[in-house]
Amino acid sequence: MEEVWKILRHLTGGIYVPDELKDMSIKIMHISDTPSMIYRDLIRLIKTVKPHVLIHTGDIADEVKLEMLPYHVQKYKARANHFLKSISPYVQDRIIVTLGNHDCREALHPLAKLEIYEQSTLLDIYGIKISISHYYEKLHDESAFFMYGHCRGNNDDPRYLDGIDSINIIKVDNLEVIKLLYPAGTDDYRFRKSKIGI
């Protein structure tokens, strides 16, 4: 029955959150390439799950294609900072961002919990080695988990977490990975298409 609710929530433009993620256990959440049209759902998710660490692997306002349209930096600045400020009260310890090709470090306001990395990096989070990068090809070796975005990877290794395909949540106590679906239409927003719904 849970699968049915998960799909229905997805198709109606929301994010289904299983009960096991609503406790106070230590959790690491990973997202990537987030168009501003889904911020409301992501903020609601983060408020519900209350992750200790949130990792964003780039392109915070993904529909603003700064690499191709750098003069849209003010639009990016307003959207990205709104999102980061909105989630900050619900992330308990750290918000970690590795910049993507459509991000601008200078446009991001400093926040107490915010850490920004220009390139791929290897982090130790609660004793877990995690390699993060916007690009799959630039991930470090020798990690417990590998988190990336930008474009879908084709790796069957469950340690490789694609932040475009799913919202990934690691429960630190047992290293279980729970994957949640982004709202329906997220890819259309990423590619600046009109939302296709039911």
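**Figure 1. Ring pairs join Tyr136, Phe146, Tyr148 and Tyr160 into a cluster.** The model shown here and in the other views is predicted. In total, the structure holds four aromatic pairs. Tyrosine 136 and tyrosine 160 form one that is tilted, with 5.8 Å centre to centre and 50° between the planes. This pair links distant parts of the chain: tyrosine 136 lies in the loop between S6 and S7, tyrosine 160 lies in strand S8, and they are 24 residues apart. Tyrosine 136 is partly exposed, with a relative accessible area of 29%.

**Figure 2. Phenylalanine 146 and tyrosine 160 form a stacked aromatic pair.** A pair of aromatic rings is described by the distance of the centres and the angle of the planes. Here the rings of phenylalanine 146 and tyrosine 160 are 4.2 Å apart, centre to centre, with 5° between the planes. Phenylalanine 146 belongs to strand S7 and tyrosine 160 to strand S8, and the two residues are 14 apart in the chain. Phenylalanine 146 is buried, its relative accessible area being 4%.

**Figure 3. Four strands form an open sheet in the order S5-S6-S7-S8.** The pairing in this sheet is mixed. Strand S5 (121-125) and strand S8 (160-162) stand at the edges; each has a single partner strand, so one side of each is left without a neighbour in the sheet. On average, neighbouring strands of this sheet are turned by 25° against each other, direction ignored. Strands S6 (residues 128-132) and S7 (residues 145-148) run parallel and are joined by three bridges. Isoleucine 130 stands opposite phenylalanine 145 in S7.

**Figure 4. Six strands form an open sheet in the order S4-S3-S2-S1-S9-S10.** The pairing is again mixed. The edges are strand S4 (114-117) and strand S10 (176-180), each with a single partner strand, so one side of each has no neighbour in the sheet. Neighbouring strands of this sheet are turned by 20° against each other on average, direction ignored. Strand S1 (residues 27-31) and strand S2 (residues 53-56) run parallel, with four bridges between them. Isoleucine 31 stands opposite histidine 56 in S2.

**Figure 5. Helix H2 packs on the sheet that contains S1 and S2.** Helix H2 (residues 39-49) touches S1, S2, strand S9 (167-171) and S10, and its direction makes about 170° with that of S1. Helix H3 (residues 73-87) lies across S1, S2, strand S3 (94-98) and S4, running at about 155° to S3.

**Figure 6. The charged end of arginine 190 sits over the ring of tyrosine 182.** This charged end is 4.7 Å from the centre of the tyrosine 182 ring.

Definitions and conventions: Residues are numbered from 1 along each chain as its sequence is written. This is a predicted model: local features need pLDDT of at least 70, side-chain atom pairs count only at pLDDT 80 or more; totals for chains, interfaces and linings use all residues. Side-chain values use heavy atoms; hydrogens and water are left out. Two strands pair if DSSP finds at least two bridges between them. Axes are lines fitted to C-alpha atoms, for helices over the stretch in contact, and angles run from 0 to 180 degrees between N-to-C directions. Contact means heavy atoms within 4.5 Å. Rings of Phe, Tyr and Trp (its six-membered ring) pair if their centres lie within 6.5 Å; planes under 30 degrees apart count as stacked, over 60 as edge-to-face and the rest as tilted. Buried means under 20% relative accessible area, exposed over 50%, partly exposed in between (1.4 Å probe, protein chains only). A charge sits over a ring if NZ of Lys or CZ of Arg is within 6 Å of the ring centre and within 35 degrees of the ring normal.
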